[in-house]
Amino acid sequence: MSWSRRNLFDLEDWDRSDFEVFLELASKHKASLDSPKRRGELLRGRTVVNLFFEPSTRTRTSFEMAEQFLGAEVINWASSGSSLSKGETLRDTAWTLKAMGIDSIVMRHGMAGFPMYLGKLLPDVSIINGGDGARSHPTQALLDLLSAYERLGSLDGVKMVVAGDVKHSRVARSVAKAFRTMGASISFSGPRSLMPSDLGSFGVSYGENAKKAMREARIVYLLRIQRERQDQGLFPSFEEYHRFFGASMEDISEGAVVMHPGPINRGVEIASDVADGPNSLILDQVRSGVAARMAVLELCLGGEAL
């Protein structure tokens, strides 16, 4: 099957067949991670720039590993130490990178929609979104989908709850789109103060009773509670949040899986025995991250999907 997309801004225009192509390719990459021959030559001669304007550990590291495993030349462009810190505009930085002959930019930026802006500036460069504002984090949703699909198989009719700070999450919309397209029935749960005003646009239901929603779900997806939000008075305390909205072992049904994009706050959105227990897919999500990003890079830069 051919693949026509050069960019990954978000998942809004992906249909089920797109996700199926991705899953087949990503599964192959994941199976090869333990192989001594995991380093390939698919992107030999291609140059990929990692342009991150916000701190990142998991996303940036897994992208860098994925790029290296595919044989690409990798440049990590730190905005704090570049000409941007001397007053250069991002537009001029983008054109400078293009003049150097790069093929792709993986970027993270605090402003929603910034990858699309960069795509307009550089129409001949493949732009891959590593997270923009609270709008989208497509590769996180793709790696989550890979982990869930490999553990559960078909997601048709599977009940999934996404619990936590949806309002400030760049992950929630992407996860909802990916899992809903693959057949899951999704509900959001958490304090009303942490829900977005446009909740209806996510295509999900809302249940305020998080404990009940978790017990009924096959997939329990927990979002990080951002500690800096506590100063805004969006919920009484971390202890109170865990009591009513955090996941403890008694909230997880047999056969359910627990997911989290990381980093986790133990004792807040998730208890330690849940994070470290047999239902947890958290470490598998990290492993899936490398494979998922290898698949995205191959699809956007490699021409043919399979």
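A residue is counted as buried when its relative accessible area is under 20%. By this criterion, buried residues make up 56% of the 306 residues in the protein, which is described here from a predicted model. The fold comprises 10 helices and nine strands. A compact globule with 306 residues would have a radius of gyration near 19 Å, and the value for the protein, 19 Å, agrees with this. Along the principal axes, the C-alpha atoms occupy a box of roughly 55 × 45 × 35 Å. Among contacts with a separation of 6 or more, 74% involve residues 24 or more positions apart. The accessible surface amounts to about 13100 Å², and carbon and sulfur atoms contribute 49% of that area.

Helix α10, spanning residues 282-301, contains A295. This residue has 0% relative accessibility and therefore counts as buried. Beyond the residues up to four places away in sequence, A295 touches F22, L25, A26 and H29. The C-alpha atoms of A295 and E24 are 9.1 Å apart, although 271 residues separate the two in sequence. K30 is buried at 7% relative accessibility, whereas D284, with a relative accessible area of 24%, is partly exposed.

In total, the structure holds 16 salt bridges. One of these joins R135 and D132 at an N to O distance of 2.6 Å; D132 is buried, with a relative accessible area of 0%. Another is formed by R215 and D251, whose closest N and O atoms lie 3.7 Å apart. Because R215 is located in helix α7 (residues 210-216) and D251 in the loop between α8 (238-245) and β9 (257-259), this pair ties together parts 36 residues apart in sequence. R215 is partly exposed at 44% relative accessibility, while D251 is buried at 3%.

E67, located in helix α2 (residues 58-69), is buried yet has no salt bridge, and the nearest side chain of opposite charge, R60, is 8.2 Å away. Apart from neighbours within four places in sequence, the contacts of E67 are V48, N50, A72, V74, V106 and L297. Over the whole protein, the mean positions of the 37 positive and 38 negative charges are 1 Å apart.

Technical notes: Residues are numbered from 1 along each chain as its sequence is written. This is a predicted model: local features need pLDDT of at least 70, side-chain atom pairs count only at pLDDT 80 or more; totals for chains, interfaces and linings use all residues. Side-chain values use heavy atoms; hydrogens and water are left out. Helices (H or I, at least four residues) and strands (E, at least two) are DSSP runs, numbered from the N terminus. Buried means under 20% relative accessible area, exposed over 50%, partly exposed in between (1.4 Å probe, protein chains only). Contact means heavy atoms within 4.5 Å. The radius of gyration is taken over C-alpha atoms; the globule rule is 2.2 Å times the number of residues to the power 0.38. Accessible areas come from the Shrake-Rupley method with a 1.4 Å probe; for residues, only the protein chains shown count as cover. Lys and Arg count as positive and Asp and Glu as negative; His and the chain ends are not counted. The place of a charge is taken as NZ of Lys, CZ of Arg, CG of Asp or CD of Glu. A salt bridge is a side-chain nitrogen of Lys or Arg within 4 Å of a carboxyl oxygen of Asp or Glu.
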